[in-house]
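Please look over the sequence and the structure shown here before reading on. The paragraphs that follow lead from the interface between the chains to the sheet of one of them.

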Protein chains: 2
Amino acid sequence: MNLILLFQDDFIKPDRVTLKERRAEHIFKVHRAKIGDLLTVGILNGKIGTGKLLSMDSVKREIELEVKLINDPPPPLPLTLVIALPRPKMLRRIFQSVASLGIKKIFIINSWRVEKAFWSSLMLEPKNIEHELILGLEQAKDTVMPEIHLKRLFTPFITKELSSLKANASNITAITAHPKGVLPCPQNINQNGILVMGPEGGFIDIEIDTLEKAGFTTVNLGQRILRLETAVPFIVSRLYSSI
Amino acid sequence: MNLILLFQDDFIKPDRVTLKERRAEHIFKVHRAKIGDLLTVGILNGKIGTGKLLSMDSVKREIELEVKLINDPPPPLPLTLVIALPRPKMLRRIFQSVASLGIKKIFIINSWRVEKAFWSSLMLEPKNIEHELILGLEQAKDTVMPEIHLKRLFTPFITKELSSLKANASNITAITAHPKGVLPCPQNINQNGILVMGPEGGFIDIEIDTLEKAGFTTVNLGQRILRLETAVPFIVSRLYSSI
């Protein structure tokens with residue numbers, strides 16, 4: 001927790017918050033903070049600044065901070081990420097990782113090789129998704145909550161929704177990262193992008209065709225096949241050298 | 001498992017292997033292979049090629065392959081990775097991830113903010129480390145086992161061992177990735193490198209000083225602080241654009 005994310009509910013006065021449970025415990029046990037310490041805080045979808053520790057109640061496990069919010073959060077990454085639903089145990093880390101990388105728009109899609117049962121995972125419940133995204137924002141000192149959209153119908157999503165998202169943007173790089181791609185992944189695009197990534201085992205040929213018809217170039221990452229959680233930061237770093 | 005890693009023990013004839021347990025189960029259940037299918041295989045620290053499925057014993061759960069090894073594995077990444085020991089539950093994924101990225105030499109070091117208890121983790125036992133590295137190699141279609149070295153004494157390791165590793169190489173980029181770094185992470189070095197990364201909460205100032213005196217430039221990754229498992233592929237991609 002490199003930043004403590006605050007919510008409107010935490011405020012007891014315009015510049016004063018009370019924290020309990022997870023965030024308070026973290027300040028007690030990990031930060032081992034003392035009265036008067038300045039902690040890095042930020043308000044959900046808003047500015048970041050400092051929280052001066054005013055009081056610590058070690059019985060009620062409550063912490064009070066005086067908050068000054070002065071700086072903008074880091075700029076968002078101009079990348080829309082589209083991933084085939086990964087297995088639930090990977091999903092938690094993916095949410096944290098994409099939030100920490102500054103990705104703000106994520107579509108989770110179905111595809112031929114996604115196991116149906118994955119769609120029943122508790123990890124897809126909005127409050128569970130939000131919890132992991134908060135951890136990612138706190139890690140990266142960001143405040144802006146990513147949007148996650150679940151899309152269970154592959155073809156209409158790609159041919160209508162994603163295709164018009166691409167058509168409506170000027171100067172946008174639209175790629176599918178897949179071992180069968182002949183072209184290498186572009187570098188330093190530093191402009192709007194849409195990145196599509198398949199499930200374990202990859203998209204099937206007809207899915208790649210659908211994506212190519214929708215204007216998505218299939219690119220490879222070299223000889224090595226990386227897992228989603230390794231591939232996402234790898235590609236983000238390659239596409240955006242200026243972050 | 002994009003490649004089935006073979007060991008000398010698997011061979012019953014010069015071109016014939018029998019597989020049981022994890023690898024056989026994977027071929028039964030995930031590959032759903034049939035007699036005659038060609039699977040991608042590779043021999044530990046050697047060539048890669050094909051394994052033609054000759055027989056499947058679904059009672060004994062055994063599989064026999066006819067093996068042809070013809071191609072070199074992907075080139076290794078010319079990067080030595082030095083990381084402060086992460087928490088055990090992260091270690092498993094780190095081992096898989098670094099193996100899949102092609103890193104062949106990893107030092108795991110102690111540092112002020114590493115919890116002592118982490119050094120007793122079962123995950124550090126050689127056979128457990130090796131298991132995770134195998135999964136990473138199988139993922140990335142590689143055969144060359146990385147070397148992992150555990151170094152519990154920070155200062156002598158940095159000032160003697162790491163420092164002479166650096167001094168003995170010509171044209172080597174030596175960096176510590178740390179939020180306090182003033183310079184940005186270099187891009188596209190595409191030559192030998194040593195990358196040092198701290199624990200959660202970062203190296204303390206005196207550790208950074210020791211590293212700087214040993215010739216390691218402290219560099220940052222931008223405003224966002226990334227977890228080790230996200231930061232490693234992010235930096236590898238930035239340093240080596242040609243993989």
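**Interface and sheet**

Between chain B and chain A there are two salt bridges, a salt bridge being a side-chain nitrogen of Lys or Arg within 4 Å of a carboxyl oxygen of Asp or Glu. Asp142(A) forms a salt bridge with Arg224(B), with the closest N and O atoms 3.0 Å apart. This is a predicted model, in which local features need pLDDT of at least 70 and side-chain atom pairs count only at pLDDT 80 or more, while totals for chains, interfaces and linings use all residues. Residues are numbered from 1 along each chain as its sequence is written, chains are lettered from A in the order in which they are written, and side-chain values use heavy atoms, without hydrogens and water.

The two chains, B and A, bury about 2800 Å² between them, 47% of it on carbon and sulfur atoms, where buried area is the accessible area (1.4 Å probe) lost on putting two parts together, summed over both. Arg224(B), Ile225(B) and Phe234(B) supply 24% of the area that chain B buries against chain A, more than any other three residues.

Within chain B, seven strands (DSSP runs of E, at least two residues) form an open sheet with parallel pairing, in the order β9-β8-β7-β12-β10-β13-β11; two strands pair if DSSP finds at least two bridges between them. Because β9 (147-151) and β11 (183-184) of chain B stand at the edges with a single partner strand each, one side of each is left without a neighbour in the sheet. Strand β7 (residues 77-84) of chain B runs parallel to β8 (residues 103-109) of chain B and is joined to it by six bridges, and Ile83(B) stands opposite Ile108(B) in β8(B).

Note on methods: Helices (H or I, at least four residues) and strands (E, at least two) are DSSP runs, numbered from the N terminus.
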